[in-house]
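Hello,

Have a look at it below, and then read on for what turned up.

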Amino acid sequence: MQRTGILFVIVGGIVCTGIILSFYGNQVIFEDLIKGEGQIKVGESLTIPAELDNETQNGIYAIQIMDSKGIKAKILDPFDVAIESQSINEEDFEGQFKITTSGTYKLVIENTNDKEIKIFGVIGPEPDAGKKSLGFISLYVLIIGLIGMIIVPIYAIKNRKKSFS
């Protein structure tokens, strides 16, 4: 029975490590993204500016619509030229764009709907592979810990039956 307790502590430690890595990974991935949200009335827009340099080469943006669908999103480069334009009819949308020059890029979200809507948007540089892999590692550690949470009780039950016979 003492071995089972040690196994539970180890598996609990693995799960805790996975949770901590997941939290830290999300912080690292989203630290460079600029967030904006608001209620947008009919015909109005929400602009989220982000200072980006061309070292990263790619930028990302994401939009989440809370109430309804039917908006238009544009990415403006530092010279206020639209480099990306999308009509969005989904609740969650993600897109990418090329960063050609350093400067302030803007995500402009326009309400083309017939009612006021709540929108959340982010813009920023694309996270590098190391930051992305941290998210996958935390997922794998959590899965291993949860599998252990299933296996250890089975092991404890089998050992208990052996000790009674």
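**A buried aspartate and its surroundings**

Let's start with Asp-77, which is buried but takes part in no salt bridge. The nearest side chain of opposite charge belongs to Lys-106, and it is 8.0 Å away, whereas a salt bridge needs the two charged groups within 4 Å. Please keep in mind that this is a predicted model.

Where does Asp-77 lie? You will find Asp-77 in the loop that runs between strand E4 (71–76) and strand E5 (82–88). A polar atom of the Asp-77 side chain lies 3.0 Å from the backbone nitrogen of Phe-79. Leaving aside residues up to four places away in sequence, Asp-77 touches Ile-83, Thr-104 and Tyr-105.

**Another aspartate in that loop**

Asp-80 is also found in the loop between E4 and E5. Asp-80 is partly exposed, and its relative accessible area is 46%. Its phi is near 60 degrees, a positive value in a residue that is not glycine. Most residues other than glycine have a negative phi.

**A nonpolar patch**

Now to the surface, where Phe-136, Leu-139, Tyr-140, Ile-143, Ile-147, Ile-150, Ile-151 and Ile-154 form a nonpolar patch. Together they have about 800 Å² of accessible area. One of these residues, Ile-147, lies in helix H2 (residues 129–164).

Enjoy exploring it!

Best wishes

Definitions and conventions:
Residues are numbered from 1 along each chain as its sequence is written. This is a predicted model: local features need pLDDT of at least 70, side-chain atom pairs count only at pLDDT 80 or more; totals for chains, interfaces and linings use all residues. Side-chain values use heavy atoms; hydrogens and water are left out. Helices (H or I, at least four residues) and strands (E, at least two) are DSSP runs, numbered from the N terminus. Buried means under 20% relative accessible area, exposed over 50%, partly exposed in between (1.4 Å probe, protein chains only). Lys and Arg count as positive and Asp and Glu as negative; His and the chain ends are not counted. A polar contact is a pair of N or O atoms within 3.5 Å; within protein, one must be able to donate a hydrogen and the other to accept it, and residues adjacent in sequence count only if both atoms are side-chain atoms. Contact means heavy atoms within 4.5 Å. Patches are made of residues with over 30% relative accessible area and no salt bridge: like charges are joined within 9 Å, nonpolar side chains (Val, Leu, Ile, Met, Phe, Trp, Tyr) within 5 Å. Accessible areas come from the Shrake-Rupley method with a 1.4 Å probe; for residues, only the protein chains shown count as cover.
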